[in-house]
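Colleague: I'm new to this one. Can you walk me through it?
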Amino acid sequence: FSPWTDPSAVPFIRFENITKRFGDFTAVDNLTLDIYEREFFSLLGPSGCGKTTLMRMLAGFEEPTEGRILLQGKDISGVPPYRRPTNMMFQSYALFPHMTVEKNIAFGLEQDNLPKGEIAKRVEEMLKLVKLESFAKRKPNQLSGGQRQRVALARSLAKRPKVLLLDEPLGALDKKLREETQFELMDIQTELGLTFLIVTHDQEEAMTVSDRIAVMDKGIIMQVATPAEIYEAPNSRYVADFIGDINILEGTVATTGSALGAPGEVHIDCDGISVAVEQECQAAKGDKVAFAIRPEKVRISQDRPAETSANVVYGEVWDIGYLGDFSVFLVKLADDRIVRAAQANVSRLVDRPITFGDMVWLTWSRDAGLVLTR
Ligand code: ATP
């Protein structure tokens with residue numbers, strides 16, 4: 001499933017040069033974004049980056065200051081929220097405390113004056129979908145947080161929107177329940193064949209559920225890509241740093257093995273650390289760049305490597321984070337810089353486990369890291 005790779009595919013939702021200002025503050029800045037039918041799409045970014053504002057404009061709760069939003073090719077400016085094929089589910093769920101689960105789910109349908117039989121049918125369908133059949137007669141205060149979240153989801157889906165908007169939908173759930181619910185959401189989305197747009201500041205959540213992610217910063221989109229592309233080929237220091245754990249070493253391009261834009265080898269001097277990267281070169285000699293490498297791509301060893309001219313540092317194990325499946329080693333270099341290496345924990349009973357205070361060599365291969373030019 002990847003309609004965005006098909007140049008003839010028509011976007012389901014198009015944000016076209018959208019700007020939103022509140023007074024003289026620009027919350028969304030000339031943003032253009034296409035989302036396709038049946039996509040599970042995440043807007044990811046820190047608090048205040050404009051992601052909720054963007055979603056609220058799609059729902060019709062805010063109007064853009066400039067630009068337009070197209071839904072299936074039609075401009076939806078001025079269409080009130082209740083006439084849009086979107087439905088928004090909020091973090092607070094906003095369930096009616098005095099109504100039973102089934103009444104909560106039926107509420108919007110009754111407002112729309114749907115026939116009684118149709119309402120009953122849809123409520124039953126929704127209870128089944130979110131696996132709450134046996135809870136139909138309970139009130140929200142007789143449910144767990146996860147169950148309340150599912151009632152809110154059922155209520156949002158009962159109206160059969162084409163696009164479901166989820167604003168930090170799992171924020172109130174504990175980690176384990178959140179992870180379970182993420183998979184349930186994905187199943188439901190696939191089963192119903194709907195387009196889901198989710199706003200989150202939780203990068204793990206976005207990585208888990210999304211077909212694609214837009215990483216936002218201060219009202220603009222930094223990168224739109226699949227979770228794997230965002231993780232493995234971030235386009236900037238900002239995206240690299242926002243998603244997952246990464247080492248970023250600032251440096252200057254020393255030599256490039258080829259012309260700009262051609263594949264080859266780039267050599268960077270990162271304040272005394274010599275780095276060689278095989279990558280299509282987007283920088284010229286003397287350019288200030290960053291070298292970025294994920295900790296799991298850095299090998300750690302007490303043995304001196306055979307090759308020491310590039311991609312190697314030596315330091316002391318300063319800290320160790322034991323995470324069960326793997327450990328993260330914080331290695332302090334002679335100049336106090338810290339480089340992190342992650343290693344899978346096959347067994348704790350290895351011959352020479354690396355421990356605090358050990359002197360170690362960190363090495364990495366030439367295709368393991370990235371040169372970032374912005
Ligand atoms: P969060 O995760 O904290 O909700 P967000 O990325 O969703 O953050 P928005 O809610 O979109 O951020 O807000 C973006 C910026 O616009 C913020 O600086 C916010 O203070 C500002 N803003 C949002 N709504 C209004 C408003 N009605 N009036 C003035 N400023 C607003």
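Colleague: What is the strand order in the open sheet of 4 strands?
Modeller: This is a predicted model. The order is S2-S1-S4-S5, and the pairing is antiparallel.

Colleague: Which are the edge strands?
Modeller: Strand S2 (25-35) and strand S5 (74-75). Each pairs on one side only.

Colleague: How many bridges join S1 to S2?
Modeller: 7 bridges. S1 covers residues 13-22 and runs antiparallel to S2. Arg14 stands opposite Asp34 in S2.

Colleague: What does helix H1 touch on the sheet?
Modeller: Helix H1 (residues 51-59) packs on the sheet and touches S1, S2 and strand S4 (66-71). The direction of H1 makes about 115 degrees with that of S1.

Colleague: New topic. How many bridges are there between S11 and S14?
Modeller: 6 bridges, in the antiparallel sense. S11 is residues 247-256, and S14 is residues 288-293. Ile248 has Ala292 in S14 as its bridge partner.

Colleague: And S11 with S12, parallel or antiparallel?
Modeller: Antiparallel, over 4 bridges. S12 is residues 265-270. There, Val266 stands opposite Thr256.

Colleague: On to the inside. How many residues are in the largest nonpolar core?
Modeller: 83 residues. Ala154, Leu165 and Val215 have the most contacts inside this core. Helix H4 (residues 145-158) gives the largest share, 6 residues.

Colleague: Why does this core lie between domain 1 and domain 2?
Modeller: Because both domain 1 (3-239) and domain 2 (245-372) give residues to this core.

Colleague: Back to Ala154. What is Ala154 in contact with, leaving aside neighbours within four places in sequence?
Modeller: Ile105, Met126, Leu127, Leu129 and Val130.

Technical notes
Residues are numbered from 1 along each chain as its sequence is written. This is a predicted model: local features need pLDDT of at least 70, side-chain atom pairs count only at pLDDT 80 or more; totals for chains, interfaces and linings use all residues. Two strands pair if DSSP finds at least two bridges between them. Helices (H or I, at least four residues) and strands (E, at least two) are DSSP runs, numbered from the N terminus. Two residues are in contact if their C-beta atoms, placed from the backbone, lie within 7 Å. Axes are lines fitted to C-alpha atoms, for helices over the stretch in contact, and angles run from 0 to 180 degrees between N-to-C directions. A nonpolar core is a set of buried Ala, Val, Leu, Ile, Met, Phe, Trp, Tyr and Cys residues joined through C-beta atoms within 7 Å. A residue is buried if 20 or more other C-beta atoms lie within 10 Å of its own, exposed if 12 or fewer, and partly exposed in between; C-beta atoms are placed from the backbone. Domain bounds come from an automatic or database domain assignment.
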